[in-house]
Amino acid sequence: MTGSAPGRAEPADAPISVDPCLARLDQAIEAARALGLATDHADAVGEDAAARLGFPSDAYVLALVGGTGVGKSSLLNALAGTDVSAASVRRPTTDRPVAWLHDAARDELEGLLAWLDVDPADVRSGSGSGLGGATELGSVAILDLPDLDSTAADHRRRVEAILPRVDAVLWVTDPEKYADAALHDDFLTTWVPRLDRQLVVLNKADRLTAADGEAVRRDLERDLARLSSRDANRPDGTGPPVVLASATARPGGDGSGADGVHEVRRWLGDQIETKAIVRARLMASIRDAIAGLAGEAGIGRGGSVPPAPLLDDAARSQAVDGSTAALLRIVDLPSLERQAVAATRARARARGAGPLGRLTSLVYRWSGREAKVADPVAFLARWRDRGSLSPAVEPIREAIAGPMRAVPAGTRRLLAERLEPEGVERELARAVDRAVALRGGDPPSSRIWTLLGIVQTVTTLALVATAIWVALWILVKFPVDSITLPVVGRVPVPLVILIDLLAAGYIIARLLGAHAGWTGRRWARSLAAEVRSNVRRDVASSAFAAVDAIDADRRLLAAAAVASAVDCRRE
Ligand SMILES: Nc1nc2c(ncn2[C@@H]2O[C@H](COP(=O)(O)OP(=O)(O)OP(=O)(O)O)[C@@H](O)[C@H]2O)c(=O)[nH]1
Ligand SMILES: [Mg+2]
């Protein structure tokens, strides 16, 4: 039906625009959808508001609402000055909306009435003789609605469907029904705070003594003031006025009832700003819809703003610690450190162990041993082969179990989907992949190794030369000097030099080994620390991404609800 409405157009002279209020509704709906909540009602409120703004707001729609037989149709007839809606003793009588409006307004309001689903055959108009013939009554279309409380259930549904689209209400009750729960609890609770323009008519006042009528009137006023005070925009808690009337009392007749109908006429003829009436009830409905969404999300009135995160810091950090520890067990940092030390030693050997070291390095590499035990980067890359991720998923799921119970069912479903074990496993695996993609995976080096390499090379060359010398001496037996050593006695010089060179080579190799080990261990420790902190950081940022998204939408919805108090305020 909204499709039949013309496009939205804010009245040009509107002092306050509904647009910011509608924008808040859009924001709240978007957040609520992201939270998995049903937004049908809020969608309908938004669509209705947009549609209503597309119709003229120089006139407003007033509905007569009440139980069956209270005299709604009789009241309309009295106001119109002619029988426009059937009134009878048969219950219920009115089964679909009947509209009455001033002749002058008929053309202008036809579209609006069609949008309200009033059959054109049920639209009556007149000169308003019953309304005093006042042309200012061209600013109201009066709807006589079916009842709220008869056995015809579809009557109530019709009222429920049309009420969100009317701008003002004339609540009609009578001495028997004024305390009726159906009227008091459901409808008044919902609508009294939302409508700026409303009047309560206690009809059939002719059946009460003046004193009883006055007592009932005061009783009703008290009740209505209580309902109105629930509206933040009406802190003074004044409810709609209550009028005692008698719709069937003849004009010029005896009493207060007829005066009451005059009072209703006067109220209808009040010089009111119809645009403001329409805007105010649209904004009240929108604000209500936003508050409804916030309530659905569990962040309604009384909740902290911004709402507390679903998962508190302590629980989150405990879960991240647990999951990180489980992941690091798979990554296997002690083995990583061993690989790092071995890789550093291999590099030191290649640089600082002279020609023989270079040779053993080549053998080490070609045999594939180096890649297996001395390549920390490759070792990290193979982390997935070393165990199952399930133990790392558990702390995350455990942490969210409590908050899951606290959120509404729709949000719980969303969270359950996003936090199903396979998904969490994938996220954690990605986090570890990112964490182990280290920059600078090459082992460290040192100038000392180059220096030791040169010394070792010289020593090796000298050793080869000396070995040749010793071999020749053994074969040819040419004379050489001897040195007398304690215990051993006389030892030929070539042999002494050979032994010295061997000892020097050994010492240089030990020095190199010690330095490479020290450098390697330092590097290994920093690699392990980097992996450890990377894994924790990436787990912290990704494991609860779904919860963080829900938190962000809850904050957005709460912000929309808070802002709606300003953007949807009445003039
Ligand atoms: N005594 C008395 N009877 C009234 C008054 N107003 C209406 N009635 C009678 O009450 C009966 C019901 O009136 P209706 O106007 O049909 O009531 P209604 O609220 O439209 O009822 P539904 O269409 O069924 O919802 C009729 O017999 C009216 O004559 C009144 O002020 N005083
Ligand atoms: Mg009726």
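Ala, Val, Leu, Ile, Met, Phe, Trp, Tyr, Cys and Pro count here as nonpolar, Asp, Glu, Lys and Arg as charged, and the others, Gly among them, as polar. By this scheme, the lining of the second largest pocket divides into 7 nonpolar, 11 polar and 6 charged residues. The structure is a predicted model. Its protein chain has 571 residues, of which 49% are buried.

**Overall fold**
- The protein chain contains 20 helices and 9 strands.
- Of the contacts in the protein chain between residues at least 6 apart in sequence, 80% join residues at least 24 apart.

- In soluble globular proteins, nonpolar side chains tend to be buried together.
- The largest nonpolar core comprises 105 residues, and those with the most contacts inside it are Leu62, Leu170, Ile286, Val531 and Leu557.
- Helix H9, which spans residues 274–296, supplies the largest share of this core, with 8 residues.
- Both domain 1 (18–299 + 562–567) and domain 2 (313–543) contribute at least three residues to this core.
- Beyond its neighbours within four places in sequence, Leu557 is in contact with Ala28, Ala31, Ala32, Leu35, Leu293, Ala294, Ala297 and Ile299.

**Second largest pocket**
- The second largest pocket holds about 350 Å³ of space.
- Its lining is formed by 24 residues, and those nearest the centre of the pocket are Gly69, Gly71, Ser74, Ser88 and Arg91.

Technical notes:
Residues numbered from 1 in each chain as written. Chains lettered and ligands numbered in written order. Predicted model: local features only at pLDDT ≥ 70, side-chain atom pairs only at ≥ 80, totals over all residues. Heavy atoms only, no water. 1 Å grid on protein atoms, 1.4 Å probe; cavity = no way out; pocket = protein on both sides within 12 Å on 5 of 7 lines; lining within 4 Å. Points joined across faces, edges and corners; volume = space filled by probe spheres on them. Core = buried A, V, L, I, M, F, W, Y, C linked by side-chain atoms within 4.5 Å. Buried < 20%, exposed > 50% of the residue type's maximum accessible area, 1.4 Å probe, protein only. Helix = DSSP H or I, 4+ residues; strand = E, 2+ residues; numbered from the N terminus. Domains from an automatic or database assignment. Contact = heavy atoms within 4.5 Å.
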